[in-house]
Amino acid sequence: MRYKDQNKIEALHQAVIDVMLHDGYQNLSVAKIAKRAGVSQATLYIYYADKQAMLGQVYLNIKNKIDPMLFSGVDPRAAVEDQFRLVLKNYADAMNAYPREGEVMRIFNSHTDLVPEDVFTAGMDRAKPLDFIYQKGVSEGILRELAPEFIIAYTFTPLDQIAEIRYRHDSKLSDTDVHALIDMAWQACRKPQKE
């Protein structure tokens, strides 16, 4: 078995991110990745069976950076609104901490065929605590009874869109941005109160 050089693996992962961000995912070739990483194409195949396997590992590495931040400090016994707001604040913090990775994650989420299906599914399974918050909110009559994808669409998607705009302008989400986005997401997802 050949020795796997962690520095080369990291260089390949950073090369994937660079090529995706600068040349577009459509132009993501093994040749470009290897050249950007400073390794031969043959070296790339020592580490990965194919390009999709490599992209799957890059996807999981990004999830490993972002997902632990997402649920940091979230107490499942806390009020649903508090959990909801904290998860979104944590997500905004993760996008500010890892703007390049966040941009690449948006590409992966929009083009799920870039990574092996089982890898994408495993990555999405890490978001199970969101299901708990949603189910608790519905059972307590706090959140609208909608399909989970509706809740996700009105929580993470607006935040992602503003994070993408900020990334393209080489800036970060401000506290004002985050506060406004969280308030709007909460208003969209909470069950209307009877008057």
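How many helices and how many strands does the protein have?

## Overall picture

There are 10 helices and zero strands in this one, and the model is a predicted one. Reading from the N terminus, the elements go α-α-α-α-α-α-α-α-α-α. The C-alpha trace spans about 65 × 35 × 25 Å along its principal axes.

Of the 195 residues in the protein, 41% are buried. If you take contacts with a separation of 6 or more, 69% of them join residues 24 or more positions apart.

## The nonpolar core

The largest nonpolar core holds 57 residues. Leu12, Met20, Ile33, Tyr59, Ile62, Phe108 and Leu173 have the most contacts inside it. Take Leu12: leaving aside residues up to four places away in sequence, Leu12 touches Ile33, Ala37, Val39, Leu44, Tyr47, Tyr48 and Met54.

## Helix H5

Helix H5 covers residues 80-97, and at 1.5 Å a residue its 18 residues should span 26 Å. The end C-alpha atoms sit 25 Å apart, so the two values agree.

Its buried residues include Val80, Phe84, Leu88, Tyr91 and Met95, but also Gln83, Asn90 and Asn96. Among the elements covering the buried residues of H5 are helices H4 (51-70), H6 (99-110), H8 (128-139), H9 (148-168) and H10 (175-189).

Asp18 lies in helix H1 (residues 6-22). It counts as buried because its relative accessibility is 19%, and the cut-off is under 20%.

The Asp18 side chain makes a polar contact with the side chain of Arg100, at 2.7 Å. Setting aside residues up to four places away in sequence, Asp18 touches Asp23, Arg36 and Arg100.

Technical notes: Residues numbered from 1 in each chain as written. Predicted model: local features only at pLDDT ≥ 70, side-chain atom pairs only at ≥ 80, totals over all residues. Heavy atoms only, no water. Helix = DSSP H or I, 4+ residues; strand = E, 2+ residues; numbered from the N terminus. Expected span 1.5 Å × (residues − 1). Buried < 20%, exposed > 50% of the residue type's maximum accessible area, 1.4 Å probe, protein only. Contact = heavy atoms within 4.5 Å. Polar contact = N/O pair within 3.5 Å; in protein donor to acceptor, adjacent residues only side chain to side chain. Core = buried A, V, L, I, M, F, W, Y, C linked by side-chain atoms within 4.5 Å.
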